[in-house]
Amino acid sequence: MTGDILTARGVRKKYNTGSDVVTALDGIDLSVRSGEFLSVMGPSGSGKTTLLNCLSGLDQIDEGQVVVAGADLNLLSDAKRTRHRAQHMGFIFQAFNLIPVLSAVENVELPLLLAGTSPGVARKAAASTLERVGLGHRLQHRPNELSGGEQQRVAVARALAGRPSIVWADEPTGNLDTETAAGVMDLLGELHCQGLTVVLVTHDRALAALTQRSIVVRDGRIVSDAASGVHPAPGSSPGVVRAQRLPDDTAGAPDTAGTLEAGQ
Ligand SMILES: Nc1ncnc2c1ncn2[C@@H]1O[C@H](COP(=O)(O)OP(=O)(O)O)[C@@H](O)[C@H]1O
Ligand SMILES: [Mg+2]
């Protein structure tokens, strides 16, 4: 897929808290090219999470337009928007949000089952996606039997299992130590190199520097938008940026993973 996977124009979002009105997004214009690796930086409370939620259609906007993978999200009914998200988008959160009583493979297959995939197909897809993120040996483990880095890899697999074209990651390394965070960043970098579009919210300048382009949000506005360096620009030949990993996180890393079937 070429061209823009995301176009946002004049996006505004306010929160009403009874006595107070908070302007969380104050006129956002943003285009993201298919295959881009974009980081979103900014101080706490600047609107990063609101931006991700509004661009992905998890939250309603008050003004403007958001087009993702060819659909104007705010013209879709709730049911169609949910289906569009399931078909085109994956989500990774700081808190992993895994279901504690389900095994790794059950966590990954759950969204597929909810989207109507048959159990046999969902199980195979979940298992192969866990293999792709280096967790083929942890299919039956429950979240509390996995390290933080492994839990976030399960969450990455869950985001990828539906073969999305864009993945939204909100501070995905915020609960991880530096070395484990580097392993998760490596994984996101590899997925980007295999064609996935990744939008990553991070506080960490060093992690933003590992992406291709970085925007800075302040008071609900984009105040800076610049190439951040090490990942190649769209259209140039991909390369992988390697961050340091602990031995713990290196086991089964997806160095030999197959080509990601993203962008379709
Ligand atoms: N559900 C909500 N209700 C009221 N205010 C909110 C809500 N979510 C976020 N806000 C406010 O919107 C602003 C942006 O928040 P957020 O997008 O979470 O920032 P960030 O992710 O950059 O820390 C903040 O002032 C926050 O307090
Ligand atoms: Mg946030």
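Four strands make up an open sheet in the order 2-1-4-5, with antiparallel pairing; here two strands count as paired if DSSP finds at least two bridges between them. Strand 2 (21-33) and strand 5 (71-72) sit at the edges with a single partner strand each, so one side of each has no neighbour in the sheet. Inside this order, strand 1 (residues 4-16) runs antiparallel to strand 4 (residues 63-68), and five bridges join the two. One residue to look at is Leu 6, whose bridge partner in strand 4 is Val 68.

A word on the basis for all this. The model is a predicted one, so to speak of local features pLDDT has to be at least 70, side-chain atom pairs count only at pLDDT 80 or more, and totals for chains, interfaces and linings use all residues. Residues are numbered from 1 along each chain as its sequence is written, while chains are lettered from A and ligands numbered from 1 in the order in which they are written.

Taken as a whole, the protein chain has eight helices and 10 strands, both being DSSP runs numbered from the N terminus (helices are H or I, at least four residues; strands are E, at least two). Of its 264 residues, 45% come out as buried, that is, with 20 or more other C-beta atoms within 10 Å of their own, the C-beta atoms being placed from the backbone. Among contacts with a separation of 6 or more, 71% link residues 24 or more positions apart; a contact needs C-beta atoms, placed from the backbone, within 7 Å.

Strand 9 (residues 213-218) pairs with strand 3 (residues 37-41) in parallel, over four bridges. In that pairing, Val 40 has Ile 215 of strand 9 as its bridge partner. Strand 9 also pairs with strand 10 (residues 221-227), this time in the antiparallel sense and over six bridges, with Ser 214 bridged to Ala 226 of strand 10. The hairpin of strands 9 and 10 has two residues between the strands, and Asp 219 takes a positive phi near 50 degrees there.

That leaves the ligand. The residues surrounding ligand 1 include Tyr 15, Val 22, Gly 42, Lys 48 and Thr 49, on the criterion of a C-beta atom, placed from the backbone, within 6 Å of the molecule. Strand 2 and helix 1 (48-55) each supply at least two residues of this shell, and helix 1 gives the largest share, three residues. By class, the shell holds three nonpolar, eight polar and one charged residues, where Ala, Val, Leu, Ile, Met, Phe, Trp, Tyr, Cys and Pro count as nonpolar, Asp, Glu, Lys and Arg as charged, and the others, Gly among them, as polar.

Methods: Buried ≥ 20, exposed ≤ 12 C-beta atoms within 10 Å, placed from the backbone. Contact = placed C-beta atoms within 7 Å.
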